[in-house]
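Please look through the model below with these notes beside you, taking the points in order.

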Amino acid sequence: MAVLIPALLGSACALFIAPPVINADPAIGLMSWLNFVEGGTWNTILTPDSNNIAENIEYPVTWWAPGQYIPIGILHTLGFSLGTASIIVSALGLLLFGLGFAALARSMEIPNQSLPWVTAVACSTHYMLYSFGHFIGGETAQIAVWPWAAFTAWTLRKRTIPFIIVLPLVFLIGAFGKHSFAIYSLAILVFLWAEALRDAKARGYSPTSLRLLWSASYPIVCVGILFILGRHFLIDTSHTPGTQGMTDRNFWESLGFSFFGPIFGLLGIDRIVGYLSYHFFGIKSEDAWTEFSPTLSLLSPLPLALYVWLTLRRALVDRIAGITALIVGLIFFALLWSGGAISYESRHYQPVAMLLLLALGLRLTDPNRLLSWGSRVILTSIVLFGCATLLQRHLNMASPQTHLSYAKAENIMCDLPQPVQKILQRLAGEENSIIVATDPGDILITNRSRHPTTRFMLIDIVNPIERHGRAPRLAFAMRAEGVDLERAPIIRESFKDYDPEEWTSYEVDGWVIWQAGDVIPLREAETERS
C-alpha cells in the first residue's frame, strides 16, 4: 500500500484531471522510435537534409539513452496513445522504484516499524510524482532501476562470481535508461570498496596490506571494466550532456549546486525557486540559479560537512548516503566546470536524495526526541509538498487560463491550440509536405495524420542554420505575439531557396500558420496576412 497509493494518486490526476505533457527529451527519442518502426535505422531521426531539403538524412540520437523512450514507444506501437502510455510507464516505474527502495531499506537495516512510512514518503516526493504531469523518460528509468542496483550490489558483495556477472548487467540496464546512471554506478562501487576495507580493518588486517587491497578491489574492478566495455559497445555516448566544452561555467557557478543538489532534490527546492523567479521577476530557473551560484558556492562547506559526517557514522545507511553524495557531487562539479551541458535541476540527483531520505527515516526511532520529531516533520513536509504540487500541477494544466491545449489524438497536453493542431494535421496529410517545428511534441501530435511522403523537420531556433533546396510544400506554426514574432522571420529566412514573396500566412486562435510552395487553402483561418 505504501507504494500503490502514490502510484494510484498520480495516475488518477493524469487520467481524470489533465493528461501529461511529453517533455522534449523523450519526444525527440520517440521521433527516432517512429522512424525505427517505419523501417529506419535504430536510434536515428529521419529529417530533410539541410543541404538539400528534397533529400532525407538520418542522424543518431546520442544525447539521451534509448531506454528513456523505448517503454512508451513499445506501448504506442501496440496501440496506446502517448498520454496513456506515459501514465502506464510512470506508474510502473514508481511501483518498481518503491519495491526496490523497500528492499534496499530493509537491507540497510531500517527498522521494520519505519519501513512502510519511509517507503510511502519516498514514493510521494515532488519528483517521484512529477512524471505523471510532465513525462521525462530518463528520470523515470533511472530511479526505477537505481535502488535495485544498490540492493543487488550490497546483497551479492560477498559472492564474487555472481557479483561480477550480475552487477554489470544491472548497471547496463540503468545506463540504457539514462547516461548519468554511470555516475551512480561508480558511487556504488566506491561505497562497496570502502565497506570492504572497513570490514577487513575490523577483522585486524592492516589498511596497507597488499592482500587486503587486492581482495577488496579486484571484484569491483572487474565489475567496473565489464560495465565500461558493455556501455561502450552497446550505448552510443559520443555526444551527451557530459561532453566537455559545450558551456562556459566558471568554478563558482559549478561548485554550489553540485553539492546542494541532493538536498534540494528532497523537496524540489529548485522547482520552487524557478517558479517564483519566473512568475514574479521574469527570470528563468537556469538564469536564477546562475545568479545564486556564488552564494551557494560560499555555503557549499555546509552540505560537504553533512556528507562527511554521514560517511563517518556507524549506521550503514548513513555511510552509503554520505559516500554517494560526495562522489556524485564531485563528479557533477567536474562535469559542470569542464563545460558539460547539464542543467541546474535537482532531478539529476534523485538517487542521492532518496538515500538522504533513508538516513532521515533511520532517525524516526532515534532515542533523541529532537532527531525523532525533526525527522517526522521533515518527512511529513516532503509528502505534503509532493502531493500538493501534484494536484496543483494538474489543476493548472486543466484550467481554462492555461496556455496548454488538449491533443485528443495522443491524449496529451501541448502548446498548440486545437484549431492549429487540426490545420497541421491536415497539412501533414497532404502529399510531399515538410512540417517544420521547434518543439518535438508538435511533431508527435501531428504524426498520426501524416501522409507517407510527408516529412518533419525539427529546428533549433537558438542556433539557426542555412537550409538549401526546395520541396513541394513547407509549413510551420508560430504564435502571433511575443518572441515568436521575431522567430518566424528567422525560420523563413533560413530556407535560402525560397523568396520572401512565396510565404503566405494565416492567423488562427492567436497563432500564425506559414506556408511556402504549393499552398493549401485553410478554411479555419481567421485572418490572411502576407
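1. Two strands are said to pair if DSSP finds at least two bridges between them, and strands here are DSSP runs of E of at least two residues, while helices are runs of H or I of at least four, both numbered from the N terminus. Strand β7 (residues 433–437) is joined by four bridges to strand β8 (residues 455–458), and the two run parallel. Within this pairing, Ile 435 stands opposite Phe 456.

2. This is a predicted model, in which local features need pLDDT of at least 70 and side-chain atom pairs count only at pLDDT 80 or more, whereas totals for chains, interfaces and linings use all residues. Residues are numbered from 1 along each chain as its sequence is written, and side-chain values use heavy atoms, with hydrogens and water left out.

3. β7 also pairs with strand β9 (residues 473–479), in the parallel sense and over three bridges, and there Ile 434 stands opposite Leu 474.

4. Why is β7 largely enclosed by the rest of the structure? Five of its five residues are buried, so the strand is largely enclosed, where buried means under 20% relative accessible area with a 1.4 Å probe, protein chains only. In a regular strand the side chains alternate between the two faces of the sheet. On one side of β7 lie Ser 433, Ile 435 and Ala 437, on the other Ile 434 and Val 436, and both faces are covered.

5. Ser 277, in helix α12 (residues 269–281), is buried as well, with a relative accessible area of 7%. A polar atom of the Ser 277 side chain lies 3.0 Å from the backbone oxygen of Ile 283.

Terms used:
Buried means under 20% relative accessible area, exposed over 50%, partly exposed in between (1.4 Å probe, protein chains only). A polar contact is a pair of N or O atoms within 3.5 Å; within protein, one must be able to donate a hydrogen and the other to accept it, and residues adjacent in sequence count only if both atoms are side-chain atoms.
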